[in-house]
Amino acid sequence: MTTHGPVMPIWSCGGCDLPWPCPTRRRELRAEYVDAPVSLALYLGAYLVQAAEDLPWAPAGALHRRFVGWTRQPAEVQQRSTATVPTGPDRNGRHQAG
């Protein structure tokens with residue numbers, strides 16, 4: 001059981017007080033869903049819907065990147081830089097950093 005669960009309705013991490021999901025919880029979730037990336041995205045998508053209701057002033061794009069967008073990044077990229085977010089695929093189908 002992790003201590004890095006969400007504190008609702010403010011959506012901070014109960015373990016480190018960073019915005020949830022924090023880097024630690026992201027690593028844990030990636031490990032838990034290593035063979036099920038679509039299930040991970042669906043799981044986090046449900047949290048995204050709840051967070052959007054609790055944080056109506058937050059930009060939708062920022063919430064999407066925070067809850068779901070990071071799941072599309074390879075773990076190595078995410079560990080090097082948490083500030084880099086994918087903006088979409090280039091014409092070769094690779095994701096670009098924004």
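Colleague: Which residues does Trp11 touch, not counting residues up to four places away in sequence?

Modeller: We are looking at a predicted model, in which local features need pLDDT of at least 70, side-chain atom pairs count only at pLDDT 80 or more, and totals for chains, interfaces and linings use all residues. Residues are numbered from 1 along each chain as its sequence is written, and side-chain values use heavy atoms, with hydrogens and water left out. A contact means heavy atoms within 4.5 Å, and with residues up to four places away set aside, the residues that Trp11 touches are Pro6, Pro19, Trp20, Tyr47, Gln50, Ala51, Asp54, Leu55, Arg66 and Phe67.

Colleague: What is the value of phi near which Trp11 is found?

Modeller: Helices (H or I, at least four residues) and strands (E, at least two) are DSSP runs numbered from the N terminus, and Trp11 lies in the loop between strand 1 and strand 2. Most residues other than glycine have a negative phi. Trp11, a residue other than glycine, has instead a positive phi, with a value near 60 degrees.

Colleague: How many disulfides does the count come to?

Modeller: A disulfide is a covalent bond between the sulfur atoms of two cysteines. In the model, the rule asks for a pair of cysteine sulfur atoms within 2.5 Å, and by this rule the count of disulfides is 0.

Colleague: How far away from Cys13 is the nearest cysteine sulfur?

Modeller: Cys13 is buried, with a relative accessible area of 2%, and Cys22 is also counted as buried, at 0% relative accessibility. Cys13 is in no disulfide, and the nearest cysteine sulfur, which belongs to Cys22, is away from it by 3.6 Å.

Colleague: Which residues is Ser12 in contact with, leaving aside its neighbours within four places in sequence?

Modeller: Ser12 has its place in strand 2, and with a relative accessible area of 10% it is buried. Leaving aside its neighbours within four places in sequence, Ser12 is in contact with Gly5, Pro6, Val7, Asp17, Leu18, Pro19 and Trp20.

Colleague: What distance separates the C-alpha atoms of Leu18 and His4?

Modeller: Leu18 is found in the loop between strand 2 (12–13) and helix 1 (23–32), where it is partly exposed, with a relative accessible area of 42%. Beyond its neighbours within four places in sequence, Leu18 is in contact with Ser12, Cys13 and Pro23. Leu18 and His4 are 14 residues apart along the chain, and the separation of their C-alpha atoms is 9.4 Å.

Colleague: Is Asp17 buried or exposed?

Modeller: Asp17 lies in the loop between strand 2 and helix 1, and its phi is near 70 degrees, a positive value in a residue other than glycine. Because its relative accessible area is 60%, Asp17 is exposed.

Colleague: Near what omega is the peptide bond from Trp20 to Pro21?

Modeller: Most peptide bonds are trans. The bond from Met8 to Pro9 is cis, with omega near 10 degrees, and Pro9 has its place in the loop between strand 1 (6–7) and strand 2. Pro21 lies in the loop between strand 2 and helix 1, and the peptide bond from Trp20 to Pro21 is cis, with omega near 0 degrees.

Colleague: In what order do the elements of the chain run from the N terminus on?

Modeller: The secondary structure of the chain comes to 4 helices and 4 strands, and buried residues make up 28% of its 98 residues. From the N terminus on, the order of the elements is β-β-α-α-α-α-β-β.

Note on methods: Buried < 20%, exposed > 50% of the residue type's maximum accessible area, 1.4 Å probe, protein only.
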